[in-house]
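User: I have a model open and want to go through it with you. Can we take the sheet, then the charged pairs, then the core?

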Amino acid sequence: METRLANSFRLTVNEKKFIETALQSDLRIDGRRPFDFRNISIKFSREEGSAEVQLGQTHVMAFVTAQLTQPYKDRPNEGTLSMFTEFSPMADPSFEPGRPSEAAVELGRVIDRGLRESRAVDTESLCVLSGKSVWAVRVDLHILDNGGNLVDAANIAALAALLTFRRPECSLGGEDGQQVIVHPPEVREPLPLIIHHLPIAVTFAFFSNESTVVVDPTHYEEAVMGGRMTATLNANNDICAIQKAGGEGVLQSVIMQCLRIAGQKAYDITTKIKNAVESYNTERALRKIKRHPSAVALDISGAGVNIGKNQNKPLKGDSERSNLTSEKSVTDQSMDIEGEAKSSEQQQTNKIDGVSKNFIGGPSSWNDNAK
């Protein structure tokens, strides 16, 4: 994929010779070592499913959308995942507007091959109704600035956007139970995609008859390189895809060396992506928290300010009142006990001929002579 054809005409013979001579001495014009990546910056917007990645001077933005469609006849229980790239003339003078160029198509295919053939995204979880309705996930890649190595930057942007994307939850309803109901986010929380692993693309550039190899080439190095190879691996060193774009053949020993380096770079990039996504999810959760005012009323005019230390310590006046109240309650309880005892004795003495007579008031005197 020759995306910097215009640079080969802009570079002079001396500039090309200088780059080649420096690479033979394991030096690069930006000060990096042969197998060093440029700084990676990952940013997210408030909209879910969008990511912005900056790899050195290369700037790529990715957007993820989804819609309900009919599945393919040979795969009725699986959703779809597709890649679309857009090369803007503002990113590079060699890009032309209109129909996507061969470079744009190849870029989308390299990233799509690494994701689909490795089954990184669980497409079966995108099925809503078998044979009738599935989710079709679409990833749009926009090249904002071409500073070299578009494949790696676009791959990181696509993975970061897929990790933060959430699709609406669906259910089946209607009289026959075959009607798909899409619930808005206010009713049910959207669901994230199920991603098993992260296939990371690592691009190598070959110079001087494939004898000199560097990783993450810049646009100046792409104008001088003789060939390029992109290896897509995950953090477990599983090879997902390999793309060799033009140039002369590469020795097997060189390919194995590139795969070992790519495995280490894939692990480091995977860690950066996961840390960035975790920070985004934490910020997203904090935005949804509803903060309520404190329900504790504080008296800032007096001694009620330090409620943390003095709330369990009674004051002097309060202790005296509490002592009086406790003594009064004990006296009342003793009087009640004595009254109950006297009333029980009266009831026992007033039982005549098996009939108990209850008297109200003080004790009465019996007169035998009364009629």
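User: How many bridges join strand 11 to strand 13, and which way do the two run?
Analyst: This is a predicted model. In it, strand 11 (residues 200-207) and strand 13 (residues 227-233) are joined by seven bridges, and the two run antiparallel.

User: Which residue in strand 13 is the bridge partner of Ile200?
Analyst: Leu233 is the bridge partner of Ile200.

User: OK, and what is the order of strands in the open sheet?
Analyst: The order is 12-11-13-14, four strands with antiparallel pairing. Strand 12 (212-215) and strand 14 (239-245) are at the edges with a single partner strand each, so one side of each has no neighbour in the sheet. From one strand to the next the twist averages 20°.

User: What does helix 3 lie across?
Analyst: Helix 3 (residues 102-116) lies across strand 13 and strand 14, and runs at about 160° to strand 14. Helix 6 (residues 252-287) also packs on the sheet, where it touches strand 11, strand 12, strand 13 and strand 14. The direction of helix 6 makes about 140° with that of strand 11.

User: Switching to charges. How many salt bridges does a search of the whole structure find?
Analyst: The search finds 12. One of them links Arg38 with Asp216, with the closest N and O atoms 2.9 Å apart. Arg38 is in the loop between helix 2 (13-24) and strand 1 (40-44), while Asp216 is in the loop between strand 12 and helix 5 (219-224), so this pair ties together parts 178 residues apart in sequence.

User: Is Asp216 buried or exposed?
Analyst: Asp216 counts as buried, because its relative accessibility is 0%. Arg38 has 9% relative accessibility, so Arg38 counts as buried too.

User: Which residues are linked with Arg38 and Asp216 in a network of salt bridges?
Analyst: Asp30 and Arg32 belong to that network along with Arg38 and Asp216.

User: What about Glu48, what does that form a salt bridge with?
Analyst: Glu48 pairs with Arg284, and the closest N and O atoms are 2.6 Å apart. Glu48 sits in the loop between strand 1 and strand 2 (50-55) and Arg284 sits in helix 6, so the pair ties together parts that are 236 residues apart in sequence. At 28% relative accessibility, Glu48 counts as partly exposed. Arg284, at 10%, counts as buried.

User: And where do Arg116 and Asp112 lie?
Analyst: Both lie in helix 3, four residues apart, which is about one turn of the helix. Arg116 and Asp112 form a salt bridge with the closest N and O atoms 2.7 Å apart. Asp112 is buried, with a relative accessible area of 11%.

User: Now the core. Which residues touch the most other members of the largest nonpolar core?
Analyst: Leu162, Phe204 and Ile273 do, in a core of 64 residues. Helix 4 (residues 150-164) gives the most to this core, with 11 residues.

User: What does Leu162 touch, not counting residues up to four places away in sequence?
Analyst: Its contacts are Val64, Leu81, Leu115, Val121, Val137, Val139, Leu193 and Ile195.

Terms used
Residues are numbered from 1 along each chain as its sequence is written. This is a predicted model: local features need pLDDT of at least 70, side-chain atom pairs count only at pLDDT 80 or more; totals for chains, interfaces and linings use all residues. Side-chain values use heavy atoms; hydrogens and water are left out. Two strands pair if DSSP finds at least two bridges between them. Axes are lines fitted to C-alpha atoms, for helices over the stretch in contact, and angles run from 0 to 180 degrees between N-to-C directions. Contact means heavy atoms within 4.5 Å. A salt bridge is a side-chain nitrogen of Lys or Arg within 4 Å of a carboxyl oxygen of Asp or Glu. Buried means under 20% relative accessible area, exposed over 50%, partly exposed in between (1.4 Å probe, protein chains only). A nonpolar core is a set of buried Ala, Val, Leu, Ile, Met, Phe, Trp, Tyr and Cys residues joined through side-chain atoms within 4.5 Å.
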